[in-house]
Amino acid sequence: MEDTTVDTVVNAPPTAVRRPLPALLALALAVSLTACDHSSPAPPPTVPATAQTSAPANTGTELLPATSFADGLGPWALYGTDAAPRTADGATCVDLPGGTTNPWDVGLTYNGLGIDASAAYHLALTASAAPATTVRVVVGEATGAYRTATELFAPLTPTAQPTEHDFTAAIALSATDGDVGQVAIQLGSATPFTFCISEASVTTRDSMPTAASDAPAVRVNQVGYLTHAAKAATVVTDAADPLPWTLDLGGMTVARGTTEPRGTDPSAGLAVHTVDLSAVTTPGTGYTLTVDGASSDTFAIGDDLYRAMRVDALSFFYPQRSGVAIDGAVAGDAYARPAGHADVGPDQGDGAVACLPAGALTVDGKDLYDGWTCEGTIDVTGGWYDAGDHGKYVVNGGIAVGQLMSTYERALHAPTGDAGALGDGTLRVPEHGDGVPDVLSEARWELEWMLTMQVPAGKDLAGMVHHKVHDDSWTGIPLLPSDDDRTRYVHRPSTAATLNLAAVAAQGARLFEPFDAAFAARLLKAARTAWAAAAAHPDLYAPNTNLHPSPGGGPYDDTELDDERYWAAVELFLTTGEDAFADALTTNPYHVGGTSEAFGPAAFDWGHVAAYARTQLATVPNALPVLAEVRRSVVDAAEATLARQATQPFGTAYVPDGGRYDWGSNGLLLNNLAVLVAAYDLGGEDRFRQGVLTGLDHLLGRNAMGISYVTGHGTRFAQNQHSRWYAAQADPSLPHPPAGTVSGGPNSDVPDPVSSSLAGCAPQRCYVDDIGAWGVNELTINWNSALAYVVSFAADQGAAGPA
Ligand code: 9MR
């Protein structure tokens, strides 16, 4: 898929902020060193949830000149505070007065750590904080760009406890010159606390431990299986021969059989067997499957397993809203927060944002937009925050709001669709009682914002749409949107963003027509204007380069726009029926029989939208003469996906050529399932419905990690998705992401400082549920829109269909 090779860190923590320890000061402090004492018995190893992996006894070489703080700070330096360290009872403590904004404003640093890129290390601290405080610990550059080799969030309590962290270094660091390495314990905090430290250590390791999982060997959909659905499980076992299994409910064995050995699954790096429970159609909760002495997590069989998840997946968007206070009475008390970027401070507000000044430089020293800027300011208040960051990006907003509207549109037209389930009063949104389906009210929040991004008539590039708005540099975690004090800029319009607006505004025009004709007309006018502007400026590309030294947002770059043109033409045609749009779509290279292939092993994402457009054309009623061919092409693509899925002992429908998993693999899986949904809706062939449900089994626990990737659903679910405000892992006073939040999922590139410790992992296991692991565990609007679409389908199945 697009742009997985990022030359600059995406959603990275702050860069140019940590204060280096002056080398002379380090030397001066070093003279007070005493020999460290390893003789006292270590306290029981309590590995906090935030530690990356558990740490078996490590016998590597110690890289710090001293590991004990019994006699003072030794070679470490305290910066950002006048508070004086004191030493007692084997520890050095400091009373920090609080009052700082960023974690890195105060810190304890050791400079002079030399490590090799891609080598394995073990970091350990024994420390306390009173009151309990989470601190960020970084191994990285001591100067310059402050690049990070690894990081962890250590939740310190008033009782000293060890925090341990195994990592593979993302970059090389030098002990003496050049990229001098640093261990930094960041102690910035708004509130006062006392920090004490007794031990710190960085040692070499021979190799990383394999990703540990406490999941049972028997992997099931932890939420459950619809009564009339295929029911498959996967068992991790080296046994060569079939094994007996039993299915138990309430202490009784209700079914038994033998497993099917499937060999080693390369996507998981595990030897597995599969179990087929499809014959069991007795509803119940608390089923367990037992094989060879190992029992699965409990699961249900029933007709009503996805309705709550549908509400959750769709309600994810409200607390992502920018520009408005989030009402705890609507979203849940834990999610109440002040409005972000609403011009009330301390954030800078989105009411009057300037364009990026001309001459802003990339890492290559080039002017990012070739001299482009704009006069004045723009009101870009509103919309959804994209992900765990505070940026707002039109092309990702486009696919996300498009899929939300398609969730509703499917319910209008599909044989099993239930528009009532998405009606007014069904979701956790504030717009109840207005007669408008809640899913459309949520979509409108984003559409209104996208309209603000369109250049008005009379200005340079009128009708084009600005690509994005975000901070001038990356912020750290945790940070409420309302506390983001960075300067924000609107970026240059792009043809891609303009076509995105044309597509979703056209779709919105037909869906809002029954509820608000004036808004529908406004949308259609904007869509037509955008279509014409994109035709006049067909190649204004969003670049893949990033600003230097800190981009402050993702690039969402794209230089192949025929698919966006196809999507815009399809939606404009579906709304207007006009010949000009029929011509535009039938002559597009991505149309049936064209030179570009719309479908592939990954159907669609934010930057590859042809398959999504094709499914829209196939499923939304229209009078295109070649509609039968269009529909056949969707069914053929679904057949190809089913064929790939059938090879997978863990049931995934995402089977990329070459095997490597891309960024957002769970989103890619869900969008493949969306094509199966369309195929089922078109012909009612049950195998497509089964393929969707089997794909959800994988997402919800029948996978190599043995976890449900949807917060709040399943026995063991991801809940530390990368987010600056659902940041409970970094600050226990903040919540975890709301129920119904899907994680981006395994990414073979493991591009962030936390997941990079898994380098070389089998694709399904390139994952860790850690807030710092932004390359494998972020939340985004486009992945949750995919979840919402597919889960809404699953919720509609209920008692329907034969097994
Ligand atoms: O989902 C995006 C993925 O397809 C790209 O490869 C990656 C690098 O450009 O960016 C991802 O999008 C991130 C965006 O740039 C910033 N907000 C968070 C998004 C999810 O990680």
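This is a selection-by-selection tour of a predicted model.

**Stop 1: the domains**

Domain 1 takes 14-34 + 41-205, domain 2 takes 218-302, and domain 3 takes 307-800. Now select 306-790. UniProt, in an unreviewed entry, gives this span the feature "domain: Glycoside hydrolase family". Its secondary structure is 38% helix and 4% strand.

**Stop 2**

Start with Asp769. Its loop runs between helix H13 (686-699) and helix H14 (781-797). Show its surroundings, leaving out residues up to four places away in sequence: Asp769 touches Phe717, Ala718, Gln719, Asn720, Gln721, Gln729 and Asn777. Zoom in on Gln719, whose backbone nitrogen is 3.0 Å from the side chain of Asp769.

Move to Glu778. This residue, too, is in the loop between H13 and H14. Is Glu778 buried or exposed? Its relative accessibility is 5%, so Glu778 counts as buried. A polar atom of the Glu778 side chain lies 2.9 Å from the backbone nitrogen of Gly388.

**Stop 3: where domain 2 meets domain 3**

Show domains 2 and 3 together. Their centres, taken over C-alpha atoms, are 34 Å apart. At the interface, 26 residues of domain 2 contact 35 residues of domain 3. The two domains bury about 2100 Å² between them, with 50% of that on carbon and sulfur atoms. Pick out Arg219, Gln222 and Ser267: within domain 2 these lose the most area to domain 3, together 26% of what that side buries.

Next, look at the polar side of this interface. There are 15 residue pairs in polar contact across it. Which strands of domain 2 give two or more residues to the side that touches domain 3? They are E12 (224-226), E13 (232-236), E16 (260-265) and E17 (270-276). E13 supplies the largest share, four residues.

How many salt bridges are counted between domain 2 and domain 3? The count is one. Select Arg716 and Asp297 to see a salt bridge with its closest N and O atoms 2.7 Å apart.

**Stop 4: Arg716 again**

Arg716 sits in the loop between H13 and H14, while Asp214 sits in the loop between strand E10 (193-204) and strand E11 (218-219), so the pair ties together parts 502 residues apart in sequence. Arg716 is buried, at 19% relative accessible area. Asp214 counts as exposed, at 65%.

**Stop 5: further salt bridges**

The structure holds 31 salt bridges. Select Asp350, Lys392, Asp471, Asp484 and Arg488, which are linked in a salt-bridge network. Within this group, the side chains of Asp484 and Arg488 meet at 3.6 Å, N to O. Both of these residues are buried.

Then go to Arg687 and Glu685. Their salt bridge brings the closest N and O atoms to 2.6 Å. Arg687 is partly exposed at 36% relative accessible area, and Glu685 is partly exposed at 31%.

**Last stop: Met252**

Select Met252, in strand E15 (residues 252-258). With 54% relative accessibility, Met252 counts as exposed. Finish with a C-alpha to C-alpha distance to Gly328: 44 Å in space, for a separation of 76 residues in sequence.

Technical notes. Residues are numbered from 1 along each chain as its sequence is written. This is a predicted model: local features need pLDDT of at least 70, side-chain atom pairs count only at pLDDT 80 or more; totals for chains, interfaces and linings use all residues. Side-chain values use heavy atoms; hydrogens and water are left out. Contact means heavy atoms within 4.5 Å. A polar contact is a pair of N or O atoms within 3.5 Å; within protein, one must be able to donate a hydrogen and the other to accept it, and residues adjacent in sequence count only if both atoms are side-chain atoms. Buried means under 20% relative accessible area, exposed over 50%, partly exposed in between (1.4 Å probe, protein chains only). Domain bounds come from an automatic or database domain assignment. Buried area is the accessible area (1.4 Å probe) that two parts lose on being put together, summed over both. A salt bridge is a side-chain nitrogen of Lys or Arg within 4 Å of a carboxyl oxygen of Asp or Glu. UniProt positions are given in the numbering used here, feature names are shortened, and annotations may be inferred rather than shown by experiment.
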